[in-house]
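Biologist: I am new to this structure and would like a close look at a single part of it. Please take the salt bridges and what surrounds them, and describe them in one connected answer.

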Amino acid sequence: MAGKLVLEGKISIISFLLGLGVVIIPLIRTFAGHLDWVFDYLTGVRGKIAIAVYIAVINGFLLIIYKGPLYKVAVRACFLGFTFGCGLIISCSQTTWTHFGWYMCSLSFFHYSEYLVTAIINPRSLSLDSFLLNHSVEYTVAAVSSWVEFTIEKLTVPELKQLSWLSLMGLVMVLCGDFLRKSAMLTAGSNFNHIVQNEKAQSHVLVTDGVYAFFRHPSYVGWFYWSIGTQVMLCNPVCIAGYTMASWRFFRERIEEEELSLIHFFAEDYLEYKKKVGTGLPFISGIRINSS
């Protein structure tokens, strides 16, 4: 079983890189030239045809070499690699959509790295859900809402989307947040799971070192600031407020649910750890000890 899951991790890397290969399209057109024409080219008829042909060829290749569940992994990883590549192209082009290119890179890398890190630290829990692409209906609605807001505001108040200092601050939040989350996953190792566990496994231990020495829930802290950072990057005032409130409420409930299990698993050891280390999230203290 473990060998098959490790293979899926390797397949995801290959497929991600194949999707990322979309960046060669501009290079075919020119060498060592400026990229100010790239965005216009790729959004034109020829560019759309080139991208469609590339997607068709890569998808056909994946269909030939992978079957069933392996193809499902490959096509998702390839899609995320393709999105990351398009984000790179837009980011490097001289266009007013540059910050949206940053966003595309950030979003696609977050979801792909969730799968890849899970394949490394806890292959037994690896599944298609590890991409977190189908996290929840609320998550999907939030993502679509941010795209709609960005587009509407770009058309009506385009100067709002050119606050480079704000977008740069959002980029820093995204990078730091994702780094903290992945550090937490790697530190926790096989103890980490995307699903809150209600039963203690034999290998389950209380992790209190590394980033867990600073935050009780570093993966949630990282995700919290990453999600808000994506909207700061896009200069989306409505979604900045919406993401902050929704994320805060989600993690407050998630932490209380998780800490009930952790107190059940580790009893006094967790209670002592809880006294020493905070959750890391503003105004969230976790489950009350006297209610456990």
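Modeller: K161 and E153 are both buried. The two form a salt bridge, with 2.6 Å between the closest N and O atoms. This is a predicted model, and the structure holds seven salt bridges.

N236 touches this pair: leaving aside neighbours within four places in sequence, its contacts are S146, E149, F150, E153, K161 and Q231. N236 sits in the loop between helix 9 (218–233) and helix 10 (237–266). N236 counts as buried because its relative accessibility is 0%, the limit for buried being under 20%. The side chain of N236 also makes a polar contact of 3.0 Å with the side chain of Q231.

Another salt bridge joins R216 to E259, where the closest N and O atoms are 2.8 Å apart. This pair links distant parts of the chain, 43 residues apart: R216 is in the loop between helix 8 (164–188) and helix 9, while E259 is in helix 10. R216 is classed as buried because its relative accessible area is 5%, and E259 is buried as well, at 0%.

R249 and E253 form a salt bridge too, with the closest N and O atoms 3.5 Å apart. Both residues belong to helix 10 and are four residues apart, about one turn of the helix. R249 counts as exposed, since its relative accessibility is 52% and the limit for exposed is over 50%. E253 has a relative accessible area of 42%, so E253 is partly exposed.

The remaining part of the picture concerns the domains. The domain assignment of the protein chain gives domain 1 (1–134) and domain 2 (136–284), with 24 Å between their centres, taken over C-alpha atoms. In contact across the interface are 21 residues of domain 1 and 29 residues of domain 2. The two domains bury about 2300 Å² between them, 67% of it on carbon and sulfur atoms. Of the area that domain 1 buries against domain 2, H99, Y103 and I121 supply 27%, more than any other three residues.

Two salt bridges are found across the interface of domain 1 and domain 2. E114 forms a salt bridge with K182, the closest N and O atoms being 2.9 Å apart. E114 and K182 are linked with D178 and R181 in a network of salt bridges. Between the domains there are also 14 residue pairs in polar contact. The side of domain 1 that touches domain 2 has 10 nonpolar, 10 polar and one charged residues.

Methods
Residues are numbered from 1 along each chain as its sequence is written. This is a predicted model: local features need pLDDT of at least 70, side-chain atom pairs count only at pLDDT 80 or more; totals for chains, interfaces and linings use all residues. Side-chain values use heavy atoms; hydrogens and water are left out. Domain bounds come from an automatic or database domain assignment. Contact means heavy atoms within 4.5 Å. Buried area is the accessible area (1.4 Å probe) that two parts lose on being put together, summed over both. A salt bridge is a side-chain nitrogen of Lys or Arg within 4 Å of a carboxyl oxygen of Asp or Glu. A polar contact is a pair of N or O atoms within 3.5 Å; within protein, one must be able to donate a hydrogen and the other to accept it, and residues adjacent in sequence count only if both atoms are side-chain atoms. Ala, Val, Leu, Ile, Met, Phe, Trp, Tyr, Cys and Pro count as nonpolar, Asp, Glu, Lys and Arg as charged, and the others, Gly among them, as polar. Helices (H or I, at least four residues) and strands (E, at least two) are DSSP runs, numbered from the N terminus. Buried means under 20% relative accessible area, exposed over 50%, partly exposed in between (1.4 Å probe, protein chains only).
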